[in-house]
Amino acid sequence: MKAWAWSVKASARRCSRSVQGRCWPSLSSQESWQAAAEPAGTEGQLDATMGTICEGSDRKLGISVQLAAKTPAKLPRMSGPSNWPRNRLLLALPSSNLKRLMPELEQIPGEREQVLLDVDSSLDHIFFPDSGVVSVVAVYADGSIIEMATVGREGCTGFQAILGAKESSVRFLVQIPGSVTRMSRAAFTRAMKSMPAFRNLMYAYVHAFLEQVLVSVACNGSHSLGERLARWLLMMRDRSDDDTLRITQNLLAEMLGVQRPTITNAVRALASADLIAPARRQITILDRQGLMRASCECYQLVRTRTAFHLPKTYP
């Protein structure tokens, strides 16, 4: 199977990518997690080789990340609660580093189906979800979209900026509404240069994000819609504190790359097995263990690989 490239040319349908990088140890405590973030000589540097092999196609493909709003500069600032930020990537930093970053952070709302950053737009801000889920989606010439990956409270939308990109090759779309911590690109770049712990955590996140993308590509080509839907719902539940997911079936169909009637049938099948309870603009998970049995192996595979690179992802 071909691996997928991070950047996708406008005329490409398929791309191959290869990434090489250092593996991160599996850690189980705050101290060991922070210790892994500290540099030791040349360790902790991301050695990534990215290649793109594109085949001719009559469809233009862009990738974009939607999260908070089409005009992020106009988003209202929220007054951060005492337990803010809640993003686990930020909370994994040494307390002294997080304290230094706090003046650079602001909390904003992330509304359902809003675009935070579109394809080919400037990477002016990095977003760290505190709650809710953001989709990283490919955008075709006819306006249709399909999901490539998701970002929740375990990560951020900065994987392109980490590697030095100035413009986004993807769209970030809010799948499940929540709140988001926003950081300017300038502040993010300064933190990458001046804070070894921050830099190494961002590199570890790139590894984890790559694992998710590559497994998703394989899953889309190997497993049934019912299995993929179960996996998708479980992944959303991992990023939420509630069994009720605020998601529409229209968006579900777009994310999974199928027609609305097809996703409706898949949802009904899971509901008839008493695994979920669909309602207007939401789906409630009734039996998580049963949903895990209905899912493909990719769900547990992504969890295991993500926890290897980012041990603080799951409580």
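Author: In this predicted model, three strands form an open sheet in the order β2-β8-β4, with antiparallel pairing. Two strands count as paired if DSSP finds at least two bridges between them; strands (E, at least two residues) and helices (H or I, at least four) are DSSP runs, numbered from the N terminus. Strands of a sheet pair through backbone hydrogen bonds, either parallel or antiparallel. The edges are β2 (105-110) and β4 (125-129), each of which pairs on one side only. From one strand to the next, the twist averages 35 degrees; axes are lines fitted to C-alpha atoms, for helices over the stretch in contact, and angles between N-to-C directions run from 0 to 180 degrees.

Five bridges join β4 to β8 (residues 178-184) in the antiparallel sense, and Phe127 has Arg182 in β8 as its bridge partner. Helix α5 (residues 185-194) packs on this sheet and touches β4 and β8, its direction making about 70 degrees with that of β8. Contact here means heavy atoms within 4.5 Å.

The model is predicted, so to speak of local features requires pLDDT of at least 70, and side-chain atom pairs count only at pLDDT 80 or more, whereas totals for chains, interfaces and linings use all residues. Residues are numbered from 1 along each chain as its sequence is written, and side-chain values use heavy atoms, with hydrogens and water left out.

The structure holds 10 salt bridges, each defined as a side-chain nitrogen of Lys or Arg within 4 Å of a carboxyl oxygen of Asp or Glu. One of them joins Arg305 to Glu211, with the closest N and O atoms 3.3 Å apart. This pair links distant parts of the chain, 94 residues apart: Arg305 is in helix α11 (residues 298-309) and Glu211 in helix α6 (residues 196-222). Arg305 is partly exposed at 33% relative accessible area, and Glu211 is partly exposed at 22%; buried means under 20%, exposed over 50%, and partly exposed in between (1.4 Å probe, protein chains only).

Asp238 is buried, at 14%. Arg288 forms a salt bridge with Asp238, the closest N and O atoms lying 3.2 Å apart; Arg288 is in helix α10 (residues 288-294) and Asp238 in helix α7 (residues 225-238), 50 residues apart. Arg303 also forms a salt bridge with Asp238, at 3.1 Å between the closest N and O atoms. Arg303 lies in helix α11 and Asp238 in helix α7, so this pair ties together parts 65 residues apart in sequence.
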